[in-house]
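Please examine the sequence and the structure shown below. The paragraphs that follow lead from a single residue to the wider architecture.

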Amino acid sequence: MSSPTDVTAPVAPATHQASVRRHAARGARATKARVLATIGGFGVLAILTCLLAPLVGSTHISLLRAFDRTIPFADNVDAQIFFIARLPRVLAGALVGAGLASAGVVFQALLRNPLADPFTLGVSGGASVGAMLAISFGLSLSVGPLSPVPLATLSGAAGAAFLVYRLATTAGRAMSTSVLLLAGVTLNAFFSAVIMLLQYVSSFTEVYRAMRWLMGDLDIGGFTPVIAALPLMAIAFVLIAFLPSALNQLSVGSDAAASRGVDVARVQRIAFVSASLATSGSVSLAGPIGFVGIVVPHLVRLIVGVDHRVVLPASALFGAAFLVGCDLAARTLFSPVEIPLGIVTAMIGGPFFLWLLVRRG
Amino acid sequence: MPLSAQHVSYTYTSRRGAPSFALRDVGLAIERGSLTGLLGPNGCGKTTLLRLLAGIVQPHAGTVTLDGRALGSLSRRAVARRIAVVPQETHPAFDYTAIEMVLMGRHPHLGSFALEGPQDVDIAHDAMASTGTDHLADRAYMTLSGGEKQRVIIASALAQQPDVLLLDEPTASLDLGYQMEIASLLQRLNRERSVTMVMATHDLNLAASICDTVVLMREGRIQAHGATGDVLDGDAVKRLYGVEADVRFHRDAGHLVVVPVGRAR
């Protein structure tokens, strides 16, 4: 702020030096340099993961050759495998990972509960019911680039989110987070009963398909599903970008936030809508993949502290890298057999989270 | 009058839909620079009145004005730059450091995307210094003792640089030592920084020791408002709480003390 030549600076030189020393001593505070460094660090990690993950698989390819523009694309097998076979899946993984991780951060602050995740409020239950209905009844309705199952998933997720929202809001009043939580948990239980009922009345093949969907999967077979989910996710990310400061205030308490100038009802609305959109888009793309939304934010907090202006972008980027990494493991660990992605994230995420709980408890 | 309420009513709706008044036609003018105690039994509307004065909720009838302008006509940030609130207890959901908690008080002075600059950090450290918490800056807020937490929260309210500080039973969960500490801190801040303060409290001796003015509330209405020495007496305690009390000047303490004697018959 005040440089030595700044004669209008109200601080005396001695105090100024003392204050510089004081600033230098603070490592944990969010400064512009620290936010940029964190975003840069996690950004490089995410980009590297997305560039390197497509190189690994049943056929090994070279990054240099894949990006070698002197070879015509039609003759460049490495480029074809990189861009057509593997990149869509990696990009979908990055999008879903970023979406679920940032939705997790937003829900945890909105509900003032570090154990909340993107699926706490029934969004995944609604999505699963949608997917089950589409699979069991062989729905063939598609809109634009959205094929039947993702479309039904999206509708189910949005329906559940809308229902929970209506239950927890009374006109003109701030959202009741306890009603939100209870309604979400109850809806999840209700939806899982519906899912079991649908499985009970479905044929064996349909049940298998549905089970497979519930395990999560990024094998999307091309760019179309990514492009279909992109607008929704983009809206969600833009809305989420407005939230970090207000989420800090909200996580102290809604009255505290209001007394610091936050429009609590409006922020809660934006937080709920954006996180639900990100979750719905993610689930429609990859199925209900657990643990990303809870493990990634907590891991990031261990590294960078709890200020949402750092945690939110870092979680989105680390979520992308984490899910792409997990998918890489799912594809290659027991190659040629592929393990469903939801199993990998839960098997890595579950024990890790327990360790975290025990360590911090 | 920086802060005043005119004909303010606020209603809670019960589950059966029957309205129950929390505040009924309340008029109150807070003198600039005063330290006003808000006294009354549980459920008399003290907290509701503080929330209305802070603009956290809007009255169902009447207006709350800050320097003559209705709070509802000001932006939330504009109100927060003038009025800060210290609640009874603060439990953040995440493990913020003390300095982070204090810096959050700068929120109304910053844009949505702005980070605190060196000037904000200096203001925060200044606030921590005057509440004796600067040495705790890098400690995790949740690991602090009750008294330290409350002093950090008061620092975060000071970092807001308010003209008016509203406190809701700031010493209720503290032991006697911390109560005295917070009391003298508030008195000092009121004098040195000329911050107008309104403090809801059940602690009549705290009010008697630091408040120059007291407001007595009962069943959503204001019963009396005046200089502590004029208003706070045995009769008032009996009316508010149904308790016989001996209220007298204590020469060593230098202020009125209230000794409850028994339930009034």
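A:Gly184 is buried because 25 other C-beta atoms lie within 10 Å; a residue counts as buried if 20 or more other C-beta atoms lie within 10 Å of its own, as exposed if 12 or fewer do, and as partly exposed in between, with C-beta atoms placed from the backbone. The model is a predicted one, in which local features need pLDDT of at least 70 and side-chain atom pairs count only at pLDDT 80 or more, whereas totals for chains, interfaces and linings use all residues. Residues are numbered from 1 along each chain as its sequence is written, while chains are lettered from A and ligands numbered from 1 in the order in which they are written.

A:Gly184 belongs to helix α7 (residues 177-201) of chain A; helices (H or I, at least four residues) and strands (E, at least two) are DSSP runs, numbered from the N terminus. Not counting residues up to four places away in sequence, A:Gly184 touches A:Thr120, A:Leu121, A:Gly122 and A:Val164, where contact requires C-beta atoms, placed from the backbone, within 7 Å. By contrast, A:Val77 lies 107 residues from A:Gly184 in sequence and 48 Å from A:Gly184 in space, C-alpha to C-alpha.

A:Val106 sits in helix α4 (residues 77-110) of chain A. Beyond its neighbours within four places in sequence, A:Val106 is in contact with A:Ile240, A:Leu243, A:Leu247, A:Ala271, A:Ser274 and A:Ala275.

Helix α12 of chain A covers residues 264-286. From first C-alpha to last, its 23 residues reach 33 Å, close to the 33 Å expected at 1.5 Å a residue; the expected span is 1.5 Å times one less than the number of residues. Of these 23 residues, 18 are buried, and α12(A) is thus mostly covered. Just after α12(A), A:Gly287 takes a positive phi of about 80°.

The nonpolar core is a set of buried Ala, Val, Leu, Ile, Met, Phe, Trp, Tyr and Cys residues joined through C-beta atoms within 7 Å. The largest such core has 185 residues, and A:Leu95, A:Val106, B:Leu53, B:Val102 and B:Leu166 touch the most other members. Apart from neighbours within four places in sequence, B:Leu53 is in contact with B:Leu3, B:Ala5, B:Val64, B:Leu166 and B:Val198.

Chain B contains nine helices and 12 strands. Of its 265 residues, 46% count as buried. Its C-alpha trace spans about 60 × 45 × 35 Å along the principal axes.

Within chain B, strand β3 (residues 35-39) and strand β9 (residues 213-218) run parallel and are joined by four bridges; two strands pair if DSSP finds at least two bridges between them. B:Leu38 stands opposite B:Val215 in β9(B). Six bridges join β9(B) to strand β10 (residues 221-227) of chain B, and these two run antiparallel. In β10(B), B:His225 is the bridge partner of B:Val215. β9(B) and β10(B) form a hairpin with two residues between them, and B:Glu219 in the turn has a positive phi of about 50°.

Finally, consider where the chains meet. In chain A, 33 residues are in contact with 32 residues of chain B. The largest share of the side of chain A that touches chain B, five residues, comes from α10(A).

How values were computed. Contact = placed C-beta atoms within 7 Å.
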